[in-house]
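I opened the file and kept notes as I went. The entries below follow the order of my look-ups.

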Amino acid sequence: MDLTNSGEVYDAFAQVRPDFVCHVAANPSPSGDPRQTVFANNTLSTYHVLQAAGDFAVKRFVYASSEMATGWLTTDQLPAKLPFDESDRATTPNAYALSKFLGEVICDSLSVRYPQMPIVSLRINNVITPETYTWLADRRAGYPHNGSGNFWSYIDVRDVATAFRAAIEADTTGHEVFLIAAADTCLDVPLRKALEDRHGPTPLALLAEGHGTFQSVFDCRKAERLLGWKAAHSWRDQ
């Protein structure tokens with residue numbers, strides 16, 4: 001079905017009448033497709049699905065946002081602090097990243113229209129399946145540039161699944177945004193050295209004292225606190 005067609009979306013909801021919705025459908029391409037079509041598809045489809053969910057009295061809604069909604073992956077800027085959390089964001093010139101962030105803005109608005117339907121946005125990191133852990137080996141081979149855009153972070157698809165379930169089973173209200181990333185980087189090089197090799201000495205001053213040697217700079221403590229979720233899988237165990 002075409003989620004940019006509101007009639008088709010409402011027809012689907014009328015047939016299924018779901019209690020919960022996980023909205024994962026989108027054009028997932030940050031590059032390679034026309035920017036205007038990626039932007040239009042992702043924002044309009046998100047609005048239609050959210051509005052239909054609210055009108056059909058869905059109990060909870062989970063939106064698949066993206067790590068790119070932070071903006072950090074699409075700019076040469078560095079966050080003001082490392083690790084960073086959901087409140088830290090850079091303005092992005094990328095149509096896909098902008099579409100995912102505006103999806104969160106739509107969630108903000110429709111949580112006001114439909115206060116009975118709590119909404120959770122998951123800023124999902126670069127997803128790795130058990131079959132594609134070799135991608136992380138390729139990034140280590142291309143050190144320090146490969147994978148540096150998202151500070152060498154990733155997330156196992158099985159942890160994405162548990163994050164969706166945790167979001168459905170949580171008791172949050174309104175609209176909440178959560179970073180979803182693995183606890184560690186994909187590197188066998190300490191993070192401090194990787195930051196210095198890639199960006200020079202500047203980011204070392206941004207790194208919190210006591211930050212773990214291989215710890216991700218995506219701070220997912222909010223998800224642990226409000227959803228009871230933590231990433232359970234690491235490439236180091238594969």
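Where does Asn 94 lie? I found Asn 94 in the loop between strand S2 (60-66) and helix H3 (95-113). A caveat for the whole notebook: this is a predicted model.

**Entry: Asn 94**

Is Asn 94 buried or exposed? I read 17% relative accessibility, and the cut-off for buried is under 20%, so Asn 94 counts as buried. Next I checked what its side chain reaches. The side chain of Asn 94 comes to 3.0 Å from the backbone nitrogen of Tyr 96. A polar atom of that side chain also lies 2.9 Å from the backbone nitrogen of Ala 97. Then I listed contacts, leaving out residues up to four places away in sequence. Asn 94 touches Pro 30, Met 68 and Thr 74.

**Entry: the two ends of H1**

I turned to helix H1 (residues 6-16). At its start, a side-chain oxygen of Asn 5 reaches to within 2.9 Å of the backbone nitrogen of Gly 7. What follows H1? Arg 17 does, and I noted its positive phi, near 50°.

**Entry: H1 against H2**

I looked up how H1 packs with helix H2 (residues 35-55). The angle is about 40° and the axes are 10 Å apart. The crossing is right-handed. From H1, the contact is made by Ser 6, Val 9, Tyr 10 and Phe 13. H2 brings His 48, Val 49, Gln 51, Ala 52, Ala 53 and Asp 55. I sorted the contact of H1 with H2 by class: six residues are nonpolar, three polar and one charged. A reminder to myself on spacing: an α-helix has 3.6 residues a turn, so residues three or four places apart point the same way.

**Entry: the cores**

I kept one general point in mind: in soluble globular proteins, nonpolar side chains tend to be buried together. How many residues does the largest nonpolar core have? I got 42, with Leu 122 and Trp 229 having the most contacts inside this core. The elements that give two or more residues to this core are S2, strand S3 (119-124), helix H5 (157-169), strand S6 (175-180), helix H6 (191-199) and helix H7 (221-227). H5 supplies the largest share, six residues.

Among the residues Leu 122 touches are Val 62, Ala 64, Phe 164, Phe 178, Ile 180 and Leu 227.

A second, separate core turned up, with 18 residues. Val 9, Phe 56, Cys 107 and Leu 110 are included there. Val 9 is also one of the H1 residues in the contact with H2.

Key:
Residues numbered from 1 in each chain as written. Predicted model: local features only at pLDDT ≥ 70, side-chain atom pairs only at ≥ 80, totals over all residues. Heavy atoms only, no water. Helix = DSSP H or I, 4+ residues; strand = E, 2+ residues; numbered from the N terminus. Buried < 20%, exposed > 50% of the residue type's maximum accessible area, 1.4 Å probe, protein only. Polar contact = N/O pair within 3.5 Å; in protein donor to acceptor, adjacent residues only side chain to side chain. Contact = heavy atoms within 4.5 Å. Core = buried A, V, L, I, M, F, W, Y, C linked by side-chain atoms within 4.5 Å. Axes fitted to C-alpha atoms, helices over the stretch in contact; angles between N-to-C directions. Left-handed = near helix turned anticlockwise from the far one by under 90°. Nonpolar A, V, L, I, M, F, W, Y, C, P; charged D, E, K, R; others polar.
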